[in-house]
Amino acid sequence: MAFFILKRLIQSVFVMIAVAFLAFSLFRFVGDPVSQMTGVETSAEDSARLREELGLNDAFIVQFGRFTNNMLHGDFGYSYRTRQPVADMIAARIPATLELGTVALLISLLVGIPTGVYTALRPRGFVTQAILLTTLVGVSIPTFVIGIMLIFLFGVQLGWLPTFGRGGTVQIGGWTSSLFTFDGWRALILPAVTLGVYQLTLTMRLVRAEMMEVLRSDYIRFATARGIPYRSLYFRHALANTMVPVITIIGLQFGGVIAFSIVTESVFQWPGMGLLFLESIRFVDIPVMGVYLVVIAFFFVLVNMIVDLLYVAIDPRLRVRGDG
Amino acid sequence: MLARLIKSEPVYLFFRSPAAMLAAIVAILVLGGAAFAPFLASTDPYDLSSFSLMDGLLPPLWEGGDPRFLLGTDDQGRDMVSAILFGARLSLTIGLMAMAVASVLGVGLGLAAGYFGGRFDAIVMRIADIQLALPAILTALLIDGISRGVLPPAIHQDLRVAVLTLAIALSLWVNFARTARASVFVERNKDYVQAAMIMGQHPLRVMLRHILPNIMGPLLVIMTVDLASAILLEATLSFLGIGLPADSPSLGTLIRIGMQFLLSGEWWILWVPTLFLVALVVSINVLGDFLRDVFNPRLR
């Protein structure tokens, strides 16, 4: 058990080093950092001095070591575009993206799991067929079109909900939250639904497939023969056994949520990390791009660690095998 | 040959599936419209002299528009029918090219990985795993961002279509590689492959002449599904303003332009390209679903 966690930790560290290396290579080799930081009127001596000060003349591995060390100490360098510390820029954007992503994931799970179970229990029903057809169309509609449709319907035609920004926010110890104001929740609904819909179809299809698989298994047949009430059969015996794959996709979906939050944030002008990343691509702001990658990778690794721990908590077989 | 094709199982199933037929009709219409856009479109949306500001913001015909413009015009006076035909032409070109590059790269690597196994297989699959953890859109954005940094702005402008195609292709090859590799593992131990190997045929020949034709089924499914993904990716990137610029509008760019009219009542500028894109992608996905069912008899 402890060995299992340790192995995962070491793997995670390697992933982070690889991503940091990627970010460093971006910074070092895509364009020249010195020419990005200086203007046309900078003299050659000044450029040379800046190059020396930044340590760009040192050996590659020394530079990478310093880059990583700085990152570990919270120094992520400076943006080419705004000249501000990248750490501050990203930190200011993290709450918006995390709140959006979490609510979207919750929508995906709270709607996806029940509909998945339902469509598995009644595979030939009319409602099931309708839901399956809807999800097929839903998968084909790009995220940004779903966002536009929601804006058009609820923002423009009905005028019920705001179509951009975060609405009212509250500061809680440096964390800017929109979860504590009515206004903030109103602003959150459309982006979160937009982001959640695609993940929802994935959750639903997976739960359905797993559930149908489990329902065919021998132990469910025996349980049926023993006369266990259907409610307990479906929800205690069958659903519990679909939980391991479901937790796996939560981990995978987190990646999808982060990636598509770029699109959603762009449609709704949601001031999160995704919007910052887009701006940094447009202005070739390499330090911000690199740090965005590192931060995203960190969240990935963190979520996957939690998922691994949940496996052990859910599946007793893993506990017995322990270090397997 | 033709008689055999008509009597074959996929064709038989095709004519019994109304959804697949409808999807095929939509896809063929869009493909035809895109291919013959220069002949079908009344105006050339790239040629500023072919339309006039005087015709700007005309609604579609059934809302009291001008008979020359069936689906209305945008603020520049550009005919919407012409715009979506040329837009679809560009979107499909990029989508098909990206799909082609991704399939050649992915199938090639997958075949080789499955055939040779060992260290080569391990390396290819590790790269595939890493990329699979990154969603395609993030990969494509990143490649585009890097290309902006590496290439001088002027050259980058000229190479927009190529960069975009490559960015999309590099984010989609994994599917092909994994499918090809898995299929090769199944085929490799069959007698015909063993026989060809014992006869001392060149590995390349065994892979391309013997194995590849026998694993085309699943690859064809991936091709269809990935074509839809490629078109969606291009549309998304262009919508985000990272893809193609406004002077060569693909469907995604047209939608981005249309967003500006979301609040002002000229709904057709937004909805005409949007619905066109959705119809195209839905029909390709329905066809992909149909192919999957055909090639996977277990599901029938």
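I began with the contact between the two chains of this predicted model: 32 residues of chain B and 33 residues of chain A take part, contact meaning heavy atoms within 4.5 Å.

For conventions, I noted that residues are numbered from 1 along each chain as its sequence is written, and that chains are lettered from A and ligands numbered from 1 in the order written. Local features need pLDDT of at least 70 and side-chain atom pairs pLDDT 80 or more, while totals for chains, interfaces and linings use all residues; side-chain values use heavy atoms, without hydrogens and water.

Interface, chain B with chain A. I looked up the buried area, the accessible area (1.4 Å probe) that two parts lose on being put together, summed over both. The value is about 2,900 Å², with 85% from carbon and sulfur atoms. I then found zero salt bridges between chain B and chain A (side-chain nitrogen of Lys or Arg within 4 Å of a carboxyl oxygen of Asp or Glu).

Side of chain B that touches chain A. I found at least two residues supplied by each of helix 7 (136-150), helix 12 (216-239), helix 13 (251-259) and helix 14 (267-295) of chain B; helices are DSSP runs (H or I, at least four residues), numbered from the N terminus. Helix 14 of chain B gives the most, 10 residues.

S183(B). I placed this residue in helix 9 (residues 160-188) of chain B. S183(B) counts as buried because its relative accessibility is 12%, buried being under 20% relative accessible area (1.4 Å probe, protein chains only). Leaving aside neighbours within four places in sequence, I found S183(B) in contact with I215(B) and P218(B).

Technical notes. Buried means under 20% relative accessible area, exposed over 50%, partly exposed in between (1.4 Å probe, protein chains only).
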